[in-house]
Amino acid sequence: MSISSRAISFGSPLLRRLVFVAVLLLCVTGSANDKNNKESSAEVKFSAHTELVMVPVVVTDKSGAHVNGLKKEDFTVLENGSERPIATFEEIASQPERLIRRPTPNMFTNDVTSSGRSTRRITLIVLDALNTPFLDQTYARNQLLKYLSQSLDRHEPTGLFLLDRRGIHVVHDFTSDPEVLIAALHKVMGEPLQGSDSPGDLALATGTTNPIGSQTGGVSGMAGSPAVPTTALMSAVSSEAAAFQTLVQDSALNFESFQQRVAITYTLDALQQVARAVGGVPGRKALIWAGGGFPFSVSDNTMGLAPAGRDTLSDVLPMYEHTWELLNEAQIALYPVDVKGLQPNMPNASDDLSTSPGTTGFNNYLRSTSYRQLDTQSTFESFAAATGGRAYFNSNDLVKGFRDAVQDSEQYYMIGYYLDRSNTKTGWRKLAVKVKRDHVEVRARSGFFVTNATVNPEINHDSDVATALKSPLDYTGMSLAAHWDDVVAGKDAGKKSVRFIVHVDPDPSLIDTADDNHVVLEFMATATTPTGEKAGEPAGKKFDMHPKPDALATIREKGISYRGALELAPGEYNVRIVVRDGLSGRIGSVAAPLKVD
């Protein structure tokens, strides 16, 4: 043994492939969410643990400069309008400090360190090709190149990701050399088909547009027969034509809802993976989401998902709420940037205006476009405010959005308070942070979801584990390291048993001292071929224990190790190793490339 360190399409030509993949994804998600819906509908059942809510707070003056030197007494925290005592307080002046993974031969780790241990910020950039037209992707990439070449500090920890119809991809990890990042960005190619077809494209695909030169309004008999202008025949034809038109329109609306549902699932899944990837790194993270808009709308008051046409999206709500939970736990502030820039609201050659006579089609186009634009901007603003970030839209200067996101994390306050457990109602809890200082702007997340799914990690166990095993990102919820051990003959002919060891670093939070030193850890490993096909059977084991004093002392001092094995035929593999804390739901994972001779 040696150790070596066609996308889904929404267009009609590949529709059958999309339907198969998307239906499979939605069936799995829907099955898990049916269970989640039942769990989340009742009152919240809190565990015996106290819930510490951490809130990064940015305070600036009228000129935008950071206000420093504030004390704990200067802040007031309100949850649903009631003041909560501040339990922890820290003023943080972060420095751009390079984050480094320190691999050694045959050692794979998710631990990231900085030379001075002073890094308390990360900048993350997601180029959303899934929900962005092709031409706008090109403009966004050029603007990002401009920012990176002109403004990025070479020590600024920055990650770049791409979201497309295959999911989330790592373009550049948290290394800080802008030259490497710029070179990587040049390799990001925009996709020729956007995630959601325009109404004009949808009309053409479903046949609701009258072809140029076609005749409408007349009724004739069969070939060679004269027209039969009887009242009864005209009435029958009109009735059937209306029924057929309704059927076609229903098909178009159902297909549009289907596209949107798939895009929502992919987008939320990407947000969850990014949050898991940085959740174990302390400090505030600025997530710049550069795209054409989110594939969903939200309510300003409750932050609930708005229905998508005739689709209530009720089964997607648990996934949506869990996404918010992970963003909050990772201390992520969202900076949505609308890459469409200034929008003139004028139709182009691909837009169909022929369905209505006169100027009605043009007027409908303007109303529809204006509504979509306002809805996109409103959702961007809601997401930004709810996470303590800022939204940027209707501007051709995208560089400002990138720059502001980085500067916001240079100086901030980290405030912690204990969740109000007397309120057992599920839903969105409004959060407000006030400062006893005149003429300042305070930005902090405006709320968070509290449901059984957010306080009981077991509800999301299956979906969390499945996502972690397939994700290209290393999760940092727990610090771990893995290495390949030895190779022996496998149980099956032609296969070898490749042994590995996974070590979880000491962590006091893994031990529930209130429950007789309860420890629950689940170890998993799975292998895939370079083309993404499953190889062999997954390996793993769950430990649910109350260690005796000697074993407990070892866990506290040295951590926990697990030895497993994968049965594989000779070849090259991508192996994903995942460890999950059953008490908190935190996950650590690492990729371990493998070549079996």
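# Aromatic pairs, cores and a sheet in a predicted model

Both Trp 484 and Phe 500 are buried, that is, under 20% relative accessible area, where over 50% is exposed and the range in between partly exposed (1.4 Å probe, protein chains only). The model is predicted: local features need pLDDT of at least 70, side-chain atom pairs count only at pLDDT 80 or more, and totals for chains, interfaces and linings use all residues. Residues are numbered from 1 along each chain as its sequence is written, and side-chain values use heavy atoms, with hydrogens and water left out.

**Overall composition.** The protein chain contains eleven helices and 23 strands, taken as DSSP runs (H or I, at least four residues, for helices; E, at least two, for strands) and numbered from the N terminus. Of its 597 residues, 48% are buried.

**Aromatic pairs.** The structure holds 19 aromatic pairs, meaning Phe, Tyr or Trp rings (for Trp, the six-membered ring) with centres within 6.5 Å; planes under 30 degrees apart are stacked, over 60 edge-to-face, and the rest tilted. Two edge-to-face pairs are listed here.

| Pair | Centre to centre | Angle between planes |
|---|---|---|
| Trp 484 and Phe 500 | 6.0 Å | 85 degrees |
| Phe 543 and Tyr 562 | 6.1 Å | 70 degrees |

Phe 543 is partly exposed at a relative accessible area of 22%, whereas Tyr 562 is buried at 9%.

Trp 289, Phe 294, Phe 296, Tyr 320, Trp 324, Phe 380, Phe 383, Trp 428 and Phe 449 together form one aromatic cluster.

**Nonpolar cores.** A nonpolar core is a set of buried Ala, Val, Leu, Ile, Met, Phe, Trp, Tyr and Cys residues joined through side-chain atoms within 4.5 Å. The largest one has 46 residues, and Leu 287, Trp 289, Phe 296, Met 303, Tyr 320 and Phe 383 have the most contacts inside it. At least two residues of this core come from each of β8 (121–128), β9 (158–164), α5 (231–278), β11 (284–291), α6 (317–329), β12 (332–338) and α7 (360–387). Helix α5 contributes the largest share, twelve residues. Another core lies apart from this one; it has 32 residues, including Phe 523, Ile 577, Val 579 and Leu 594.

Beyond neighbours within four places in sequence, Trp 289 is in contact (heavy atoms within 4.5 Å) with residues including Val 126, Leu 163, Leu 271, Phe 294 and Val 337.

Asn 328 is located in helix α6. This residue is buried, with a relative accessible area of 7%. Residues up to four places away in sequence aside, Asn 328 touches Arg 445, Gly 447 and Phe 448.

**An open sheet.** Four strands make up an open sheet with antiparallel pairing, in the order β4-β13-β1-β15; two strands pair if DSSP finds at least two bridges between them. Because β4 (86–93) and β15 (440–443) stand at the edges with a single partner strand each, one side of each has no neighbour in the sheet. Neighbouring strands of this sheet are turned against each other by 25 degrees on average, direction ignored, with axes fitted to C-alpha atoms. Seven antiparallel bridges connect β4 with strand β13 (residues 411–418). Thr 88 stands opposite Gly 416 in β13.

Terms used: Axes fitted to C-alpha atoms, helices over the stretch in contact; angles between N-to-C directions.
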